[in-house]
Amino acid sequence: MKMSSQKGYEEYGVCDKGLNERFVLRSIRPEEAEQAAEIEQICFPPNEACSVPMMMARVAAVPDLFLVAVDRVTGKLAGFLNGIATDEPVFRDEFFTDAGLHDPDGSNVMLLGLDVLPRYRGQGLAREIVSEYLRRERARGRKKVTLTCLDSKVRMYTKMGFADKGISGSVWGGEQWHEMDYILNK
C-alpha cells in the first residue's frame with residue numbers, strides 16, 4: 001500500500017505501511033556500532049568501505065545523523081544511512097575519515113553511506129530510509145543534503161529527488177563520483 005510521504009509518516013512512522021510493519025526506523029544506538037561496521041564491509045568493496053575503527057568513531061561522535069532500519073523479527077540492523085553536518089557547501093574526502101568535522105549546528109548534511117544488506121534489497125527499504133532521513137533533517141532546519149555516488153547509482157538517487165551536480169572532487173577509494181544534492185529548506 002503506497003501513500004503520500006506526509007500521510008504515511010503521520011499514520012505509520014514511515015511512508016510505506018508494509019515496510020513499517022517489518023522495520024523500525026530510528027537513530028543508531030552505541031551497542032549497534034559493530035553491526036553497522038559489519039554491514040558496511042558487506043555493502044561496499046574494500047576500497048570504498050568505511051574502516052571498522054572509523055565506523056565506531058562515527059557512531060560515537062554523530063549517532064543522531066545515523067538512521068537505522070531494524071528488522072522487527074530479528075532485532076538486527078537491515079540497513080542504515082549516515083552522515084555528518086557541516087556548513088561547507090561541497091563534499092570532500094575528509095568527511096569520510098574525520099568525524100571531528102561534524103558541526104552539530106551545520107546547515108548541510110554530507111551523506112557518507114547508504115547500506116542495505118543484500119537480503120533486504122529490492123523491497124524499497126533504501127528509498128524509505130532516505131525519505132525518512134530527508135524528512136528528519138528538513139524538520140531540523142537543515143538546508144541541503146549532499147552525497148556522492150558512482151555513475152550506476154545516479155538514476156536511483158535522481159528518482160529520490162536528488163539533483164546530479166556532475167563529477168565530484170571526491171576521489172574516495174580511487175573512484176570517480178557524482179555529487180548530488182537535495183535541497184531541504186531555502
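E94 is partly exposed, with a relative accessible area of 39%, on a scale where buried means under 20%, exposed over 50% and partly exposed in between (1.4 Å probe, protein chains only). The model is predicted, with local features requiring pLDDT of at least 70 and side-chain atom pairs pLDDT 80 or more, while totals for chains, interfaces and linings use all residues. Residues are numbered from 1 along each chain as its sequence is written, and side-chain values use heavy atoms, leaving out hydrogens and water.

**Salt bridges**

A salt bridge is a side-chain nitrogen of Lys or Arg within 4 Å of a carboxyl oxygen of Asp or Glu; by this rule the count is eight. R92 takes part in a bridge with E94 and in another with E88. E88 is partly exposed at 27% relative accessible area, as is R92 at 28%.

| Pair | Closest N to O distance |
|---|---|
| E88 and R92 | 2.8 Å |
| E94 and R92 | 3.7 Å |

E132 is buried, with a relative accessible area of 10%, whereas R135 is partly exposed at 25%. Salt bridges with shared partners also join R136, E137, R140 and R142 into one network.

**Packing**

Within helix 3 (residues 33-43), the buried residues are A33, Q35, A36, A37, I39, E40 and C43. They pack against helix 4 (52-61), strand 3 (77-86) and strand 4.

The largest nonpolar core holds 55 residues, of which L111, L125, I129, V145, Y157 and F162 touch the most other members; such a core is a set of buried Ala, Val, Leu, Ile, Met, Phe, Trp, Tyr and Cys residues joined through side-chain atoms within 4.5 Å. Leaving aside neighbours within four places in sequence, F162 has contacts (heavy atoms within 4.5 Å) with residues including L111, V145, Y157 and M180.

**Largest pocket**

A pocket is an open set of points on a 1 Å grid where a 1.4 Å probe fits, with protein on both sides within 12 Å along at least five of seven lines, and lining residues have an atom within 4 Å of a point. Of its 31 lining residues, F44, L114, K153, M156 and Y157 are the closest to the centre. Strand 4 supplies the largest share of the lining, six residues.

Key
Helix = DSSP H or I, 4+ residues; strand = E, 2+ residues; numbered from the N terminus.
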